[in-house]
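Welcome! Take a moment to look over the sequence and the model below, and then we can walk through them together.

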Amino acid sequence: MDQSKKSCLKCKKEIEEQDLHKIVIYVVQEKFTEHHYEHVECPDKFTV
């Protein structure tokens, strides 16, 4: 089980396992610095 919680960089909501998401990785001078997750289609973009 993966205990680490992922939260969207854009909307700050938690990303569930079944949610489509992408990983955003920053590499500076060929060194891995940090990574973030975002919803592929961020839920905040939609009105219901």
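The protein chain has zero helices and four strands, where helices (H or I, at least four residues) and strands (E, at least two) are DSSP runs numbered from the N terminus. Read along the sequence, the pattern is β-β-β-β. Please keep in mind that this is a predicted model, in which local features need pLDDT of at least 70 and side-chain atom pairs count only at pLDDT 80 or more, while totals for chains, interfaces and linings use all residues. Residues are numbered from 1 along each chain as its sequence is written, and side-chain values use heavy atoms, with hydrogens and water left out.

## The chain as a whole

How much of the chain is buried? Of the 48 residues in the protein chain, 17% are buried; here buried means under 20% relative accessible area, exposed means over 50%, and partly exposed lies in between (1.4 Å probe, protein chains only). The accessible surface of the protein chain is about 4,400 Å², and carbon and sulfur atoms account for 52% of that surface. Such areas come from the Shrake-Rupley method with a 1.4 Å probe, and for residues only the protein chains shown count as cover. Contact means heavy atoms within 4.5 Å. Among contacts between residues at least 6 apart in sequence, 33% join residues at least 24 apart.

## The hairpin

Now find strands β3 and β4. These strands run antiparallel and are joined by eight bridges; two strands pair if DSSP finds at least two bridges between them. Valine 24, for instance, has histidine 36 in β4 as its bridge partner. Together β3 and β4 form a hairpin with two residues between them, and glutamine 29 in the turn has a positive phi of about 50°.

A nonpolar patch on the surface is formed by Ile23, Ile25, Val27 and Phe32, with about 390 Å² of accessible area together. Patches are made of residues with over 30% relative accessible area and no salt bridge: like charges are joined within 9 Å, and nonpolar side chains (Val, Leu, Ile, Met, Phe, Trp, Tyr) within 5 Å. Strand β3 (residues 21-28) gives the most to this patch, with three residues. As a general point, side chains in a regular strand alternate between the two faces of the sheet.

Strand β4 also holds histidine 39. Is histidine 39 buried or exposed? Histidine 39 counts as buried because its relative accessible area is 3%. Leaving aside neighbours within four places in sequence, the contacts of histidine 39 include Cys8, Cys11, Asp19 and Leu20.

## Salt bridges

A salt bridge is a side-chain nitrogen of Lys or Arg within 4 Å of a carboxyl oxygen of Asp or Glu. How many salt bridges does this rule give? The count comes to four, among them the following.

| Pair | N to O distance |
|---|---|
| Glutamate 14 and lysine 5 | 3.6 Å |
| Glutamate 17 and lysine 6 | 3.3 Å |
| Lysine 10 and glutamate 38 | 3.5 Å |

In the pair of glutamate 14 and lysine 5, glutamate 14 is partly exposed at 40% relative accessibility, and lysine 5 is exposed at 66%.

Glutamate 17 and lysine 6 meet in a salt bridge too. This pair links distant parts of the chain, eleven residues apart: glutamate 17 is in the loop between β2 (14-15) and β3, and lysine 6 is in strand β1 (residues 6-7). Glutamate 17 is exposed, at 57% relative accessibility, whereas lysine 6 is buried at 11%.

Lysine 10 forms a salt bridge with glutamate 38. Lysine 10 lies in the loop between β1 and β2 and glutamate 38 in strand β4, so the pair ties together parts that are 28 residues apart in sequence. Salt bridges that share partners join Lys10, Lys22 and Glu38 into one network. Lysine 10 is partly exposed at 46% relative accessibility, while glutamate 38 is buried at 10%. Not counting residues up to four places away in sequence, glutamate 38 touches residues including Cys8, Leu9, Ile15 and Val24.

## Cysteines

A disulfide is a covalent bond between the sulfur atoms of two cysteines. Here a disulfide is defined as a pair of cysteine sulfur atoms within 2.5 Å. A search of the whole structure finds zero disulfides. Cysteine 8 is in no disulfide, and the nearest cysteine sulfur, that of cysteine 11, is 3.8 Å away. Cysteine 8 is buried at 2% relative accessibility, and cysteine 11 is buried with a relative accessible area of 11%.
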